[in-house]
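Please open the model in your viewer and keep the sequence panel beside it. At each stop of this tour you will be told what to select, and then what is there.

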Amino acid sequence: MVARAQAAADTDICVLVDAEIVLLPEIVDALARFSKVDADWFLVSLSRNVTDFHYQLADNGSHWVQADGKEVSFKKLQEIPADKWASESSDRGLIVAWNNPSSILHAGVLPSFLYGRGIHNGWLAHEVLSSEMRLCFDAISLVLGLYPGSLSSMHDMTSSKNNRLPSGSWEYSVNRHLAAIYGSYCCRLPSRHFPMLHKVVKQSEDYMLSKVDELTLSNFFISKEGNGHGGDRLWKKQNISLSGYLHSYSPETTAPDLPYSLGMLLELVADKNRSVVLGVAGKSYRDMLMSWVCHLRHLRVTNFIVCALDHETYEFSILQGLPVFIDPLSPKNVSIDDCHFGTKCFQQVTKVKSRIVLEILRLGYNVLLSDVDVYWFGNPMPFLYSLGPATFGAQSDEYNETGPINLPRRLNSGFYFARSDNATIIAMEMIVKHATNSGLSEQPSFYDVLCGENGTNCISDDKCLEPNTNLTVVFLNRDLFPNGAYKGLWEKHDVRATCKQLGCFIIHNNWINKRKKKLHRQMSSGLWDYDPSSRQCLQEWTDKSIFRMIGQFHLFEDTNS
């Protein structure tokens, strides 16, 4: 959110505000006044808690109305008795604004805080103040907004119904952890002068600035040893300064564990049809995992979970806010650069996927297994679900454009949809058992069990019928679900445009050896959605050309190595 605000070149002032806050006309007057300041500045204010808020927005959202439909004036809203500041014990209710978005906001790195999960607003305000790169206006004495308790309660209830995790969950621990390891938010600051800090006081119809020479409440910051300071005195005499907002907590020195079992995660993320998308990744594919996740989020696909193959990926995923679990039986010491198709490492890792899929099916959920090197152009779940029960849909790895697409060993186990029904579960049990006793990867086991060795169970050019379970196996149309060798799509000048003409749901970045070559091919094709340097998803307003150039450069470099 902050990055997007900073990228808004045609904007004079950016305002970051909780959606629950009712902004008052005072904020417009204040920002108009401060817009005339010929310097970079940053303003902080707190909204006021309102216990009883009996109004609601009109249908067109232009004004507030009473229960009888009569319009409520902003003047009347400003006269509502306010209890106290909204953020006495949380991160809610803070209003921040700054001018000149193209100028640097603070000297440090803004970590990937999870929005609405605490700490991030206070952390940002503190870092701007400590960086001394902007004038800081402490406008806490101004009533710029109201924080209705009734709206907040409704928001919490809605969040619960939408499967958002409750207050105090692991997501809040993630933000506390990030605040503890980035910047100086958790450091006890020495007594010092802050020449950039000014308090704002309104007198009559004008705003007066009062310079603050010393940050008198610096003892309320938290040291990295985790000791809290001054929690009881934080609000004494309602003398709130910019530092007074930063309440105490005890940061953990290590990333928090995710206290949810696989079953609990499935219940949280599954869609109305009890279907989930499963991604499996280890540290060697961490960036590709995030690019995959970023694009799923862009497509509004939220019913995904991640299986981490190692603790590093598990911890990283937690800090990125992903619904993740770790497989305790996954192989150890997975090679970073030598775990591609055909290697012993690849054989071990792929067998984890079928075992996890079987476990999810037994818990009563349908699974779309998608390798993280599968790029999605659209959400294929409705199409795959429409195949019906006792049907297993899988990608074909056949590269010839004509002829059968279900030839021996042409079932790709990196993208398939399995329903949680008896036929599929029994078939998956057979596959897992076959793969356990095989010296190969799991992929040949899928074909040999479902279609029979040498394709003896094939019933057409794109289907097989497993005789013991009557499970129908559908090899998916390659125009819609192309593999990495089909029609040379990855070699096209504009992969996205070509796939759009075909109607592709996805394209698999396979049929290529070595992790680096795979990464570079995807980056140079413009099908990349993650910036590892900032740990942010690339957006429509982000310049993605740099990743095309990086991919092209490394492709050249890799070819000559």
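Begin by selecting alanine 390, whose place is in the loop between helix H11 (381-385) and strand E18 (391-396); helices (H or I, at least four residues) and strands (E, at least two) are DSSP runs, numbered from the N terminus. The phi of alanine 390 is near 55 degrees, a positive value in a residue other than glycine. Most residues other than glycine have a negative phi. Alanine 390 is also partly exposed, with a relative accessible area of 26%, where buried means under 20% relative accessible area, exposed means over 50%, and partly exposed lies in between (1.4 Å probe, protein chains only).

Before you move on, note that this is a predicted model, in which local features need pLDDT of at least 70 and side-chain atom pairs count only at pLDDT 80 or more, while totals for chains, interfaces and linings use all residues. Residues are numbered from 1 along each chain as its sequence is written, and side-chain values use heavy atoms, with hydrogens and water left out.

Next, select glutamate 132, which is found in the loop between H4 and E9. Glutamate 132 has a positive phi of about 55 degrees although it is not a glycine, and with a relative accessible area of 29% this residue is partly exposed.

Now zoom out to the whole protein, whose secondary structure comes to 16 helices and 24 strands. Of its 561 residues, 54% count as buried. If you take the contacts (heavy atoms within 4.5 Å) between residues at least 6 apart in sequence, 74% of them join residues at least 24 apart.

For the next stop, select the six strands that form an open sheet in the order E1-E8-E3-E9-E11-E12, with mixed pairing; two strands pair if DSSP finds at least two bridges between them. Strand E1 (13-17) and strand E12 (206-211) stand at the edges, and each has a single partner strand, so one side of each is left without a neighbour in the sheet. Neighbouring strands of this sheet are turned by 25 degrees against each other on average, direction ignored.

Stay with this sheet and colour E8, which is mostly covered, since six of its six residues are buried. Which residues point one way from E8, and which the other way? Leu94, Val96 and Trp98 point one way, while Ile95, Ala97 and Asn99 point the other way, and all are buried. E8 pairs with E1 in the antiparallel sense over five bridges, and there the bridge partner of leucine 16 is valine 96 in E8. E3 and E8 also pair in the antiparallel sense, over five bridges, with leucine 94 in E8 as the bridge partner of leucine 46.

Follow the sheet to strand E9 (residues 135-138) and strand E11 (residues 197-203), which run parallel and are joined by three bridges. Within this pair, cysteine 136 has leucine 197 in E11 as its bridge partner. Angles here run from 0 to 180 degrees between N-to-C directions, and axes are lines fitted to C-alpha atoms, for helices over the stretch in contact. Helix H4 (residues 120-131) packs on the sheet as well, touching E1, E3, E8, E9 and E11, and its direction makes about 140 degrees with that of E3.

Now select strand E14 (residues 304-308), where five of five residues are buried. Both of its faces are covered, with Phe304, Val306 and Ala308 on one side and Ile305 and Cys307 on the other. Strand E13 (residues 275-281) pairs with E14 in the parallel sense over five bridges, and alanine 281 stands opposite alanine 308 in E14.

For the last stop, select helix H12 (residues 422-436) and helix H13 (residues 442-450), which pack at an angle of about 130 degrees with their axes 9 Å apart. The contact is made by residues including Met428 and Ile431 of H12 and Phe446 and Val449 of H13.
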